[in-house]
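Trainee: Could we go through this model together? I would like to begin with the overall fold and then turn to particular side chains.

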Amino acid sequence: MVGSWLGKDAWGTGANSESKALMAYLGFELLGLHRLSAYANPLNGRSVRALEKVGFQREGTLRGWHRHADAQLDVHVYGMLREDWEQGPLADTPVRFEGDVPLEFLRRLQLAAA
């Protein structure tokens, strides 16, 4: 599951694409994942468009899934498969990853696969 919350000063700077490119590279290339997921509030058009712009595909809506104050809100569920990433815009976004994959990431992957 990936996500980002950017303040207005970061809107239109490419920060969303760059952060999603780094997460996709980490997930698909370094960790060998098959799928990434993301959520978006259907009422937040900027969030919806940002996910779709970088190659996530809407897969459905979870009704009343998120509680915010006194309201139960829906969320759209998005997915990106390895093939989507390889053929989409994030694969062409330059990323630089320094160091090793954190051991805790690898340990949790092994536990999940067991």
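Trainee: What should I know about the model before reading it?

Mentor: This is a predicted model, in which local features need pLDDT of at least 70 and side-chain atom pairs count only at pLDDT 80 or more, while totals for chains, interfaces and linings use all residues. Residues are numbered from 1 along each chain as its sequence is written, and side-chain values use heavy atoms, with hydrogens and water left out.

Trainee: How many helices and strands does the protein chain have?

Mentor: There are four helices and three strands, arranged along the sequence as α-β-α-β-β-α-α. Helices (H or I, at least four residues) and strands (E, at least two) are DSSP runs, numbered from the N terminus.

Trainee: And how much of the chain is buried?

Mentor: Of the 114 residues, 26% count as buried. Buried means under 20% relative accessible area, exposed over 50%, and partly exposed in between, with a 1.4 Å probe and protein chains only.

Trainee: Turning to H1, which of its residues are buried?

Mentor: They are Asn16, Lys20, Ala21, Ala24, Leu26, Gly27 and Phe28. The buried residues of H1 pack against strands E1 (35-40) and E3 (71-81) and against helices H2 (45-53), H3 (82-87) and H4 (103-113); contact here means heavy atoms within 4.5 Å.

Trainee: What comes just after H1?

Mentor: Gly32 follows, with a positive phi of about 70 degrees.

Trainee: New topic: how many salt bridges does the structure hold?

Mentor: It holds four. A salt bridge is a side-chain nitrogen of Lys or Arg within 4 Å of a carboxyl oxygen of Asp or Glu. One of them joins Glu98 and Arg96 at 2.5 Å, N to O, and both of these residues are exposed.

Trainee: Which residue does Glu104 pair with at 2.9 Å?

Mentor: That partner is Arg108. Arg108 is exposed, as its relative accessible area is 54%, whereas Glu104, at 34%, is partly exposed.

Trainee: Where does Arg107 come in?

Mentor: The side chain of Arg107 meets that of Glu104 in a salt bridge of 2.7 Å, N to O. Arg107 and Glu104 lie three residues apart in H4. Arg107 is partly exposed, because its relative accessibility is 40%. Glu104 also bridges to Arg108, and these shared partners join Glu104, Arg107 and Arg108 into one network.
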